[in-house]
Amino acid sequence: MTTGNGPDDGDETPAPGTPGGPGQFSEEEIASVTGPGPDDAELDGVEAAAIEEGSDDDENVPDLQSSFEKLIAKSRNLSPDRIRTVLESVLFVAERPLSVDELYQATGIPREPILQALDQLSGIHREGISGVVLYEVAGGWQFRTDPHSAEYVRRYLRVKPQRLTRAAVETLAIIAYRQPVTRPELEDIRGVDCGAVLKALMDRKLVKILGKREEVGRPILYGTTREFLEFFALKDLSALPTLREFHELTQEHREIVEKEAAPPPPKAEGTVAALSDPNFTKRMEKNEAASEAALEELEEAMAAAERSQKVSASILESPPSPEKGDSEGPKPE
C-alpha cells in the first residue's frame, strides 16, 4: 500500500486522520466545539453571588485600637532584618514621604528600631549603588529612583523633565528665604510684577497662602509647601544653603578647580615601601644604564647629522668647476 500524498500515488483515498485525508470528526462536531459559546444574555436574570468575605456592617468591623495593640505585641518579636523588610514594603507602596510616627502607626514597630532600620536602608539604597534610593525629604522617608537613571525612567514613562523658568526660580528663592513674604515685598526685591509667576507657582503647589499680615490693607503672606520640599528633595527648610554659602560659592568653586588642577602630592606610604624593597636599587641602576645608553645613541645620531649637514653646505658653497673648453683660454678671432 502506498503512503505518499503526491498526485502519482494512485487513486487510493488516504486514511482518516492522515494529512490530506478526511478528518476524524464531522464539520458539525468541529463547529460545536470551536463555535461561539452560549449567549451571555442567559445570565441577565441571574443575581451575582457574593465572592468576597466581610461586610460593611459596623458590627463586623474589627476594633482598630485592639487590632493595633495586637500588632504592637506582634512587632515586639520581629528581628532587625524582618523590621527592615516590613518598613521597606510600606515605604515602597507609599505615595508620599512617611514620617517615623506614620511608620509607627502603620506597623506598630517602636520608633527606635524604626530609626535604626531606616539608617540601614539608607545605606543599602543609596545613589550609585541601588536603582531605588531612600531619601529623607519633607520630614519623612521616601523611595525614589536613582538620579543617574533619570534619562531611562523618563523615556519609559514618556515624561519631560520638570524645569522652572529663571523668573520662577528667583521668585521661589525669595519666598523660601524670606517667608512669610508679601507680593509687594517680592516685587520690591525683583523690581518687576510677580503676579503671573506667583499664580503659576501656586498652581504647581510649590507656594501656598499662609495668611494675612496684620497691617493696613492686610496683604497676603506666601510661603513654600510640602511639595516644594519634595520637588527639591529637601529634608526641611534648614537644608537650604545659607546666604553666606551663596556669597562664598564662587570662591569655593575656584578653590575646588585649583585643587583638581594641581598635581597630586607624592604618597609617603608608596615611597617608603619602594625604598624598602631590596630590588629597588637594582631596578634604579638598570633604568639609569638604559637611559645613559639611549642618551649616547642620541648624541651619536646628532653628531652624524651635523657632519652630513657640513658636507652638504660645503658642496653647495663651492664654485662650479670650469668646462674643458674654457681651460685653454679664449679662442683667437
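Predicted model: local features only at pLDDT ≥ 70, side-chain atom pairs only at ≥ 80, totals over all residues.

User: Great. How many helices and strands are in the chain?
Analyst: The chain has 14 helices and 5 strands.

User: And how much of the chain is buried?
Analyst: Of its 333 residues, 18% are buried. The accessible surface comes to about 26,700 Å², and carbon and sulfur atoms account for 54% of that.

User: Now the helices. At what angle do α3 and α4 pack?
Analyst: Helix α3 (residues 80-93) and helix α4 (residues 100-107) pack at about 105°, and their axes are 11 Å apart. An angle from 65 to 115 degrees counts as roughly perpendicular, so α3 and α4 are roughly perpendicular to each other.

User: Which residues meet there?
Analyst: From α3 you have Val86, Leu87, Val90 and Leu91, and they meet Leu103, Ala106 and Thr107 of α4.

User: Switching topic: how many salt bridges does a search of the whole structure find?
Analyst: It finds 12. One of them pairs Glu170 with Arg190, with the closest N and O atoms 3.2 Å apart. That pair links distant parts of the chain, as Glu170 sits in helix α7 and Arg190 in helix α8 (residues 183-190), 20 residues apart.

User: Is Glu170 buried, partly exposed or exposed?
Analyst: Glu170 is partly exposed, at 30% relative accessibility.

User: What about Glu187 and Arg183, how far apart are they in helix α8?
Analyst: They are 4 residues apart, so about one helical turn separates them. Their side chains meet in a salt bridge at 2.8 Å, N to O. Glu187 is partly exposed at 22% relative accessibility, and Arg183 is partly exposed at 34%.

User: Last topic: which residues form the nonpolar patch on the surface?
Analyst: Tyr156, Leu157 and Val159 do, with about 360 Å² of accessible area together.

User: Where is Val159?
Analyst: Val159 lies in the loop between α6 (150-157) and α7 (166-178). With a relative accessible area of 45%, Val159 is partly exposed.

User: And how many buried residues does α6 have?
Analyst: The count is 0 among its 8 residues, so α6 is hardly covered.

Definitions and conventions. Residues numbered from 1 in each chain as written. Heavy atoms only, no water. Patch = residues over 30% accessible without salt bridge, like charges linked within 9 Å, V, L, I, M, F, W, Y side chains within 5 Å. Areas by Shrake-Rupley, 256 points an atom, 1.4 Å probe, with all protein chains shown as cover. Salt bridge = Lys/Arg side-chain N within 4 Å of Asp/Glu carboxyl O. Helix = DSSP H or I, 4+ residues; strand = E, 2+ residues; numbered from the N terminus. Buried < 20%, exposed > 50% of the residue type's maximum accessible area, 1.4 Å probe, protein only. Axes fitted to C-alpha atoms, helices over the stretch in contact; angles between N-to-C directions. Parallel < 35°, antiparallel > 145°, perpendicular 65-115°, else oblique. Contact = heavy atoms within 4.5 Å.
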